[in-house]
Amino acid sequence: MVNVVFDKVQKVFGPVVAIPDLNLEIASGEFVSLLGPSGCGKTTTLRMLAGLEQPTGGQIRIGERPVNNVAPGERDIAMVFQSYALYPHMSVSQNIAYPLKKRGVPKSEHPARIKAVSDLLQLGPLLERKPKQLSGGQQQRVALGRALVRDPKVFLLDEPLSNLDAKLRAHMRSELIELHRRLGRTMVYVTHDQLEAMTMSTRIAVMHGGNLQQFGTPSEIYNRPVNTFVASFIGTPSMTLVEAELLAENGLKLKLGSTLFDIPEALLARRPSGTSRITLGIRPENIILGSGDGTATIRLVEPTGHESIVTLDIDGRQAIVRAAGDTPLRSGETVHFDLRRDRLHFFDHGSGQRLNSDTQA
Ligand SMILES: Nc1ncnc2c1ncn2[C@@H]1O[C@H](COP(=O)(O)OP(=O)(O)OP(=O)(O)O)[C@@H](O)[C@H]1O
Ligand SMILES: [Mg+2]
């Protein structure tokens with residue numbers, strides 16, 4: 001098993017600075033997702049690791065070995081692309097064997113290696129079929145098999161599930177988790193789908209505009225987002241971000257609209273002086289409807305079955321709340337609400353940086 005290090009890595013395409021300065025250390029055996037919106041530099045990062053792009057500056061190391069000048073074929077990595085790129089005229093078994101053939105692995109070894117991979121991915125009954133005789137999910141498994149057959153040290157996957165329907169994606173997610181558990185290989189996975197990143201990763205690298213925003217476990221990213229970008233990017237429905245005030249008078253108070261809520265001072269890293277304007281982050285599960293000092297008007301109730309997504313208007317500020325699927329609430333009604341104090345997120349109004357006391361340096 002090997003680790004992967006991006007050390008002050010920069011990538012410039014002509015006038016476009018795709019990656020200004022990336023520092024990222026992926027531990028051996030991790031499943032790390034590069035997560036962020038379109039154009040944030042995920043594929044560029046992965047392609048530099050694969051050797052398909054040359055960094056403009058800095059160093060990439062795989063297992064302590066600098067690889068900037070190492071050809072893709074010499075890096076002991078395998079990459080699975082979004083388009084499976086299977087050879088249509090070859091059978092499944094020939095597709096899987098192709099990397100072995102290309103690398104001059106003796107033919108006598110092929111059957112055992114193909115069998116190991118096809119057992120792992122349950123491709124046994126499909127080995128003689130051509131790609132066009134397979135479903136999307138089966139084709140995806142063959143593409144994975146082709147990457148696995150060489151037993152590389154690091155797997156790189158660029159949005160490998162994006163062509164699949166929702167049900168198949170969920171299925172492949174659990175297969176990939178299981179695969180990672182069994183192989184214990186370092187995997188780097190590119191996605192813009194936060195659910196994929198949250199469910200599969202040991203750690204998530206959230207990127208925005210070429211810059212790494214936060215690198216942490218799914219729980220850290222969800223519970224302690226370092227800034228408003230990470231806060232709003234992770235979670236469905238999204239975290240509500242609203243302007244509010246902190247008042248340090250008789251103890252600490254949060255003023256949201258016209259309501260004052262008592263806030264334990266221990267929640268904040270620094271005690272604000274006087275009144276300070278902040279951005280308050282509230283996840284939909286942390287507003288309690290039906291009791292409390294807050295009052296809001298219900299704007300919209302969207303039942304999804306097991307829960308309803310309720311849009312509140314709090315003195316002109318919109319907030320999203322989860323409620324029971326069979327909630328009796330109706331739009332236009334006035335409702336009392338409370339906030340789970342220890343679950344609130346406080347951000348600097350200007351910079352968007354986290355102000356909670358759990359903020360790590
Ligand atoms: N060959 C290139 N020439 C010029 N600009 C490029 C090139 N490749 C990427 N870029 C730019 O670099 C930035 C990052 O692109 P990249 O493909 O890494 O994004 P991404 O995060 O993978 O996005 P997506 O989710 O849409 O795949 C974008 O602004 C893109 O336009
Ligand atoms: Mg991409």
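## The shell around the ligand

Helix H1 (residues 42-50) supplies three residues to the shell around ligand 1, the largest share; helices here are DSSP runs of H or I with at least four residues, strands are runs of E with at least two, and both are numbered from the N terminus. The model is predicted, so that local features need pLDDT of at least 70 and side-chain atom pairs count only at pLDDT 80 or more, while totals for chains, interfaces and linings use all residues. Residues are numbered from 1 along each chain as its sequence is written, chains are lettered from A and ligands numbered from 1 in the order in which they are written, and side-chain values use heavy atoms, with hydrogens and water left out.

The residues that surround ligand 1 are Phe-13, Ala-18, Pro-37, Ser-38, Gly-39, Cys-40, Gly-41, Lys-42, Thr-43, Thr-44 and Glu-159, where a residue is near the ligand if one of its heavy atoms lies within 4 Å of it. Sorted by class, this shell has four nonpolar, five polar and two charged residues; Ala, Val, Leu, Ile, Met, Phe, Trp, Tyr, Cys and Pro count as nonpolar, Asp, Glu, Lys and Arg as charged, and the others, Gly among them, as polar.

## Polar contacts and cover

Oxygen atoms of ligand 1 take part in polar contacts, that is, pairs of N or O atoms within 3.5 Å. A polar backbone atom of Cys-40 is 3.2 Å from an oxygen atom of the ligand, and for a backbone N or O atom of Gly-41 the distance to a ligand oxygen is 3.0 Å. In the side chain of Thr-44, an N or O atom is 2.5 Å from an oxygen atom of ligand 1. On its own, ligand 1 has 640 Å² of accessible area, and the protein covers 58% of this; accessible areas come from the Shrake-Rupley method with a 1.4 Å probe.

## Helix H1

Helix H1 is largely enclosed by the rest of the structure, because seven of its nine residues are buried, a word that stands for under 20% relative accessible area, whereas exposed means over 50% and partly exposed lies in between (1.4 Å probe, protein chains only). The buried residues of H1 are Lys-42, Thr-44, Thr-45, Leu-46, Met-48, Leu-49 and Ala-50. Just after the helix, Gly-51 takes a positive phi of about 90 degrees.

## Strand S1

Lys-8 is placed in strand S1 (residues 4-13), and it has a positive phi of about 50 degrees although it is not a glycine. With a relative accessible area of 56%, Lys-8 is exposed. Gln-10 belongs to strand S1 as well and counts as partly exposed at 28% relative accessibility. Leaving aside neighbours within four places in sequence, Gln-10 is in contact (heavy atoms within 4.5 Å) with Ile-19, Pro-20, Met-48, Pro-55, Thr-56 and Gly-57. The C-alpha atoms of Gln-10 and Thr-45 are separated by 9.4 Å, although the two residues are 35 residues apart along the chain.

Lys-11, also placed in strand S1, is buried, with a relative accessible area of 8%.

Most residues other than glycine have a negative phi, and most peptide bonds are trans. Asp-151, which is not a glycine, has a positive phi of about 55 degrees and is located in the loop between helix H4 (136-148) and strand S7 (154-158). With a relative accessible area of 44%, Asp-151 is partly exposed. A cis peptide bond, with omega of about -10 degrees, joins Thr-236 and Pro-237, and Pro-237 is found in the loop between helix H8 (228-233) and strand S11 (240-249).

## The whole chain

The protein chain has eight helices and 19 strands, and along the principal axes its C-alpha atoms fill a box of roughly 80 × 45 × 35 Å. Of its 361 residues, 50% are buried, and 49% of an accessible surface of about 16,600 Å² belongs to carbon and sulfur atoms. Among contacts between residues at least 6 apart in sequence, 67% join residues at least 24 apart.

The domain assignment, automatic or taken from a database, gives domain 1 (4-233) and domain 2 (240-348). The C-alpha centres of domain 1 and domain 2 lie 39 Å apart, and nine residues of domain 1 are in contact with six residues of domain 2.

Conventions. Polar contact = N/O pair within 3.5 Å; in protein donor to acceptor, adjacent residues only side chain to side chain.
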